[in-house]
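Here are my notes on the model, as numbered points. Please read them with the coordinates open.

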Amino acid sequence: MSERQTNMLEEMMAAGRGVIAVLIGDRRATEYFDFSIRGLIGSFIAVVAVTALAGYLPMFVTKPSENESLVPVALVILSDAVTLAAQIAAVALLLRQIRRLDLLVPFLIANNWWTFAFTLLLVALLAAGVTVPFSTTLIFYPWLAVNLLFVINIGRLILHLPAAQIALLVLATASGFLVGSLISLWLILPPELLQK
């Protein structure tokens, strides 16, 4: 696994190529990521930065009358942090159970860069005035399929896990996302909507 000393922009560009390599199933995908602690910190910085950008951008691209219905940025960022933490906890628990906790950092780095790339795409679409309605089946199922493919390929190409453990990785990631999303909804939604 590669460990390079680069600046943040070079790391971001290499990780972008790595994300594409993982998506298309390129066996050289590990060459694009920096799996050192520095690389882990860089991937978290990228996720935090793009999450903050995604949180603040709607205030600038929506009409003043629509601003009243926007969720406060701090809650959006907190919601994303809770969802990410739940996923990390679920994957860490799985890797601990299979005695491969050493794979947590490579998983986090690849997954963080995927989150960064996907969120950046959404930010670009929003900045261009295109809204992505994830509640529609036309968007939701392809998004789900791409996420599933990415997690499978992380397990296969980055972590080199056997098929049964890749299936468990998918389940851990999905259950962490579901639990985190439910907690996030509880944090974001007003109490009157939660009671309904």
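**Notes on salt bridges, rings and surface**

1. Arg28 and Asp26 join their side chains in a salt bridge, at 3.6 Å from N to O. The term stands for a side-chain nitrogen of Lys or Arg within 4 Å of a carboxyl oxygen of Asp or Glu. Arg28 is partly exposed, at 45% relative accessibility. Here buried means under 20% relative accessible area, exposed means over 50%, and partly exposed is in between (1.4 Å probe, protein chains only).

2. A word on the basis. The model is predicted: local features need pLDDT of at least 70, side-chain atom pairs count only at pLDDT 80 or more, and totals for chains, interfaces and linings use all residues. Residues are numbered from 1 along each chain as its sequence is written, and side-chain values use heavy atoms, with hydrogens and water left out.

3. How many salt bridges does the structure hold? There are four. Side chains of opposite charge can pair when their charged atoms come close.

4. Arg38 deserves a look. Arg38 forms a salt bridge with Glu11, with 3.6 Å between the closest N and O atoms. Arg38 sits in helix α2 and Glu11 in helix α1 (residues 8-24), so this pair ties together parts 27 residues apart in sequence. Helices are DSSP runs (H or I, at least four residues), numbered from the N terminus. Arg38 is partly exposed at 33% relative accessible area, whereas Glu11 is buried at 4%.

5. Asp34 also forms a salt bridge with Arg38, and the closest N and O atoms are 3.7 Å apart. Asp34 is buried, with a relative accessible area of 3%. Through shared partners, salt bridges join Glu11, Asp34 and Arg38 into one network.

6. Next, the rings. A search of the whole structure gives six aromatic pairs. Rings of Phe, Tyr and Trp (its six-membered ring) pair if their centres lie within 6.5 Å; planes under 30 degrees apart count as stacked, over 60 as edge-to-face and the rest as tilted. Phe33 and Phe35 have ring centres 5.8 Å apart and planes at 40°, so they make a tilted pair. Both Phe33 and Phe35 are buried.

7. Phe118 and Trp143 have ring centres 6.4 Å apart and planes at 45°, so this pair is tilted. Phe118 belongs to helix α5 (residues 104-127) and Trp143 to helix α6 (residues 137-158), so the pair ties together parts 25 residues apart in sequence. Trp143 is buried at 19% relative accessible area. Which residues do ring pairs link into a cluster? They are Trp114, Phe118, Trp143, Phe150 and Phe177.

8. Leu94 lies in helix α4 (residues 73-97). Is Leu94 buried or exposed? Leu94 counts as buried, at 11% relative accessibility. Leaving aside neighbours within four places in sequence, Leu94 is in contact (heavy atoms within 4.5 Å) with Gln165, Leu168, Leu169 and Ala172. Leu94 and Thr173 are 79 residues apart in sequence, and their C-alpha atoms are 9.6 Å apart in space.

9. Last, the surface. Ile37, Ile41 and Ile45 form a nonpolar patch there, with about 300 Å² of accessible area together. Patches take residues with over 30% relative accessible area and no salt bridge: like charges are joined within 9 Å, nonpolar side chains (Val, Leu, Ile, Met, Phe, Trp, Tyr) within 5 Å. Ile45 is part of helix α2 (residues 37-61). Ile45 counts as partly exposed, at 49% relative accessibility.

Note on methods:
Helix = DSSP H or I, 4+ residues; strand = E, 2+ residues; numbered from the N terminus. Areas by Shrake-Rupley, 256 points an atom, 1.4 Å probe, with all protein chains shown as cover.
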